Amino acid sequence: MNTPFELAFKHMPTPAFIVESSTGKLLSYNQNFAAFFDKFHATPAMTWDALCEDASISANWQTLNETIKAGKIDRCESLIRVGDKLVNMQLELQHLGESVLVCIYDTDHMDLSAAENTLLKFALTESSAGLWIWETHSDLVSCSKSIAILLGCTPEETPRSTPDWHKRVHPDDVKRLDKLVNEHIDHSQDYYDVEYRIRKYDQSYLWVKERGRTYTRNADGKIKKIIGFIVDISHQKALEEHLRNQATFDELTGLLTRGAAITHFTKQLGLAKRQYTPLTMAKIHLDSNNRLAELPMEERNIAIQTSARHVYKKIREADVLARVESDKLLLLLPNTSVRDAKQLLNHIINPNEKELSTLLNGNADPMDLCIGIATFPEDGENIEELALSANQAVEEGQAKQQKIVVN
């Protein structure tokens with residue numbers, strides 16, 4: 001007697017088959033899978049390599065099986081041999097221990113109108129939003145009618161490839177957009193977000209927010225199709241620009257911005273001059289080994305946030321910390337000698353076991369830190385001179401692979 005699982009598998013509406021994990025042999029397939037082949041007067045092959053055209057050129061079964069087992073891929077696109085035809089299928093893969101359940105969906109006839117209404121539930125109703133699908137291998141871009149409305153053109157005039165799209169992106173934004181999308185593909189990420197300016201057909205520019213998400217992959221795990229949307233954020237950017245002029249805190253780290261820090265630094269320098277007290281400035285490089293530059297943007301931001309939070313927790317209430325460059329912090333230590341400053345900074349670059357675990361979990365590493373120290377008045381009599389001296393000390397530390405350098 002058939003078990004409930006066997007009966008459910010046999011009669012499930014989606015064509016499906018089961019592959020033996022260790023060998024790649026087809027152990028079973030359901031009625032709808034067999035019926036699909038019957039339409040072409042064909043019989044399914046009984047091994048993965050024989051069934052899947054991509055297996056011989058992109059990934060053998062054992063490699064794919066390990067990838068599925070590790071949870072690194074649960075959906076891909078592949079060419080399935082049906083008699084003398086090759087049919088493009090979307091495969092959904094679920095590891096069941098000694099076997100893998102594969103459900104298949106014919107994607108040869110997927111069109112944009114269906115995608116815009118149902119795919120990934122992108123319920124876009126605003127006239128300022130538009131949906132697109134990009135096939136990475138062929139570089140074919142398909143745009144919805146709403147993108148044509150957004151750009152002020154006909155559907156036939158919308159971009160059809162990456163070069164077409166880049167022609168419409170503001171020259172100052174093209175490199176950043178291209179880098180982010182390439183990172184998404186190279187690191188096989190699930191999604192990305194980016195904001196940039198795009199030129200309408202009346203030659204004016206508008207700010208858009210683009211969100212792309214991986215839709216399908218090949219059998220080797222590489223991204224095959226990306227689906228996404230763009231939305232007009234011009235009004236939001238205008239407001240942000242207004243607020244940026246009055247900004248005090250850095251958006252990523254929550255630390256003071258360079259401009260806001262100068263006010264605090266100048267005040268502390270004035271006190272040191274009047275009261276004849278020591279004043280020390282430290283430039284903290286968060287990526288002296290250039291490791292973060294190799295990470296995807298999202299992971300890089302997490303690392304900077306984690307390192308900045310670690311430094312902030314180590315400083316005293318009277319100290320002033322600011323983010324002055326993407327991967328550099330500036331720390332002012334009032335009423336602090338070089339000896340005391342070095343003691344405090346040593347606690348930063350030598351975290352305890354718990355702090356180290358927190359840093360590593362946040363993509364940060366204390367080995368990436370390099371700190372340059374400058375003092376008033378020996379290394380400068382104003383903020384700019386002190387900052388320059390501290391920066392020179394950092395560069396010397398990088399060159400000599402030292403963690404703390406006194407100018």
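# Salt bridges, burial and backbone in a predicted model

A search of the whole predicted structure turns up 16 salt bridges.

User: Which residue forms a salt bridge with E195, and what is the N to O distance?
Analyst: This pair links distant parts of the chain. E195 sits in strand β8 (residues 191-199), and its partner lies in helix α9 (residues 234-244), 42 residues apart. The side chains meet at 3.1 Å, N to O, and the partner is K237.

User: Is K237 buried or exposed?
Analyst: The cut-off for buried is under 20% relative accessible area. K237 has a relative accessible area of 14%. That value is under the cut-off, so K237 is buried.

User: Which parts of the chain does the salt bridge between D368 and R291 tie together, and how far apart are they in sequence?
Analyst: The closest N and O atoms of D368 and R291 are 2.8 Å apart. D368 lies in the loop between α13 (353-361) and β14 (370-376). R291 lies in the loop between β11 (279-285) and α11 (297-314), so the pair ties together parts whose sequence separation is 77 residues.

User: What is the relative accessible area of D368, and what is that of R291?
Analyst: D368 is buried, at 3%. R291 is partly exposed. The relative accessible area of R291 is 28%.

User: What are the accessibility classes of R339 and D340?
Analyst: R339 forms a salt bridge with D340, with the closest N and O atoms 3.6 Å apart. R339 has 62% relative accessibility, which puts R339 in the exposed class. D340 has a relative accessible area of 31%, so its class is partly exposed.

User: Why is the protein described as more spread out than a compact globule, and what is its radius of gyration?
Analyst: The protein has 14 helices and 15 strands. The globule rule gives 22 Å for 407 residues. The protein is well over that, so it is more spread out than a compact globule. Its radius of gyration is 29 Å.

User: What does the C-alpha trace span along its principal axes?
Analyst: The spans are taken along the principal axes of the protein. They come to about 95 × 55 × 35 Å.

User: What share of the accessible surface belongs to carbon and sulfur atoms?
Analyst: The accessible surface of the protein comes to about 21700 Å². The share of carbon and sulfur atoms is 50%.

User: How far apart do the centres of the positive and negative side chains lie?
Analyst: The protein has 46 positive side chains and 58 negative ones. The centres of the two sets are separated by 3 Å.

User: What is the C-alpha to C-alpha distance of Y215 and I226?
Analyst: Y215 belongs to strand β9 (residues 205-217). Y215 is buried, at 10% relative accessible area. I226 is 11 residues away in sequence, and the C-alpha distance is 5.2 Å.

User: Where does I373 lie, and what is its relative accessibility?
Analyst: I373 lies in strand β14. Leaving aside neighbours within four places in sequence, its contacts include T280, M281, L345 and V405. I373 counts as buried, and its relative accessibility is 0%.

User: Which peptide bond is cis with omega near 0 degrees?
Analyst: The proline concerned, P377, is found in the loop between β14 and α14 (383-400). The cis bond runs from F376 to P377.

User: What is the phi of N335?
Analyst: N335 lies in the loop between β13 (328-334) and α12 (338-349). N335 is exposed, with a relative accessible area of 53%. N335 is not a glycine, yet its phi is positive, at about 50 degrees.

Technical notes. Residues numbered from 1 in each chain as written. Predicted model: local features only at pLDDT ≥ 70, side-chain atom pairs only at ≥ 80, totals over all residues. Heavy atoms only, no water. Salt bridge = Lys/Arg side-chain N within 4 Å of Asp/Glu carboxyl O. Helix = DSSP H or I, 4+ residues; strand = E, 2+ residues; numbered from the N terminus. Buried < 20%, exposed > 50% of the residue type's maximum accessible area, 1.4 Å probe, protein only. Rg over C-alpha atoms; globule rule 2.2 N^0.38 Å. Areas by Shrake-Rupley, 256 points an atom, 1.4 Å probe, with all protein chains shown as cover. Lys, Arg positive; Asp, Glu negative; His and termini not counted. Charge placed at Lys NZ, Arg CZ, Asp CG, Glu CD. Contact = heavy atoms within 4.5 Å.
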